[in-house]
Amino acid sequence: MCNHLTMKKLLLCFAIVPFLAQPLEAQDSEPENATPNSIVAASSAGEWVVIDPEDLLVMELAPDAQGNPRRVVIQLIPAPFSQPWVENMRTLARANWWDGTSVNRVQDNYVTQWGDVTEEKPLPEGVEAPVAPYEARTDCVATPEIGSETYTVNCFPISLRDIGDDALYTGNQNPGFSAGWPIVHRGAGRGANDVWPIHCYGYVGVGRNYAPDTGTGAELYTIIGQPQRHMDRNLAVVGRIIDGMEHLSSLPRGSGELGFYTEDEAHLRTPILSVRLASEMVDAPSFEYLSTESQSFAAYVAVRANRDDAFYTVPAGGVDICNVEVPIRRVGEAPEE
């Protein structure tokens with residue numbers, strides 16, 4: 001009964017259907033307004049997408065001071081974005097290249113960075129800094145119909161162009177989601193065919209030297225503070241941390257330039273024991289994400305933009321795309337209520 005609705009009406013439908021399904025005697029009290037967690041919990045199993053093990057990097061850091069293991073799981077970004085660097089990273093993982101390297105830089109409200117501190121470790125054959133754009137570019141651009149829930153740019157769908165009254169803050173860009181990832185699109189004028197991923201909290205990029213160097217993927221960083229959108233299209237976004245982010249965001253800050261650890265702080269560098277593709281592990285973790293083309297995700301975004309539950313009294317009327325975290329969970333994990 002909720003098919004073919006506009007985005008403005010979708011949340012209303014989502015909230016009403018469970019209420020109408022209740023027995024008559026249970027309808028005396030006012031139903032609670034939806035929250036992001038309640039929408040995710042009510043989503044159907046068919047709305048979740050299992051992440052390919054080839055798209056998961058599992059990084060084992062040295063145990064913490066109490067001897068607790070520290071595992072970080074990185075989801076690699078899918079095509080059409082950053083694929084030369086992503087393929088380099090798969091090659092590096094298969095060669096066990098990161099084993100014995102370390103976290104070398106932690107800059108407050110900016111990035112944590114890891115790789116070979118000596119910058120002398122030989123790279124596997126074929127791993128080079130690619131000559132490639134940071135955007136996806138093709139000649140295929142389709143104009144959406146008015147009121148459509150999705151639109152197509154560069155021959156792949158982007159959901160949630162419009163939710164209510166501009167629920168995603170836009171500026172001069174059109175934000176949306178594709179295959180579980182937040183992206184933006186210029187929309188008009190020069191570069192109108194360009195679409196690119198963005199630097200949100202926990203997202204992983206490729207360290208590099210001055211342009212035209214683009215980096216190989218051996219030196220990586222993740223955002224540990226507010227989104228760093230000025231980095232978009234200046235460095236390659238190759239993935240995001242989906243588990244264990246606390247192990248990278250809570251490390252001691254470096255006192256050297258740009259947050260690098262000085263030689264006197266060498267003991268603060270966190271050793272990397274191993275980095276493996278989940279596809280090559282016997283006991284690999286398995287994760288799934290809520291499809292960004294699903295009705296539940298559309299309702300989830302609408303609620304994030306306009307919280308109106310027992311805690312919030314003033315709906316914001318919009319939300320930054322980086323504050324719409326795509327729900328990700330372990331396969332078989334019970335959803336939070």
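Phenylalanine 297 is buried, with a relative accessible area of 0% (buried means under 20% relative accessible area with a 1.4 Å probe, protein chains only). This is a predicted model, in which local features need pLDDT of at least 70, side-chain atom pairs count only at pLDDT 80 or more, and totals for chains, interfaces and linings use all residues. Residues are numbered from 1 along each chain as its sequence is written, and side-chain values use heavy atoms, with hydrogens and water left out.

- Strand E12 (residues 203-206) and strand E14 (residues 237-243) run antiparallel and are joined by three bridges.
- Opposite valine 204 stands glycine 239 in E14.

**Aromatic pairs**
- Six aromatic pairs occur in the structure (rings of Phe, Tyr and Trp, the last by its six-membered ring, pair if their centres lie within 6.5 Å; planes under 30 degrees apart count as stacked, over 60 as edge-to-face and the rest as tilted).
- The ring centres of tryptophan 85 and tyrosine 134 are 5.5 Å apart and their planes are at 25 degrees, so this pair is stacked.
- Both tryptophan 85 and tyrosine 134 are buried.
- Phenylalanine 297 and tyrosine 300 have ring centres 5.7 Å apart and planes at 35 degrees, so this pair is tilted.
- Tyrosine 300 counts as buried at 6% relative accessibility.
- Phe177, Phe297 and Tyr300 are linked into a cluster by ring pairs.

Technical notes
Two strands pair if DSSP finds at least two bridges between them. Helices (H or I, at least four residues) and strands (E, at least two) are DSSP runs, numbered from the N terminus. Buried means under 20% relative accessible area, exposed over 50%, partly exposed in between (1.4 Å probe, protein chains only).
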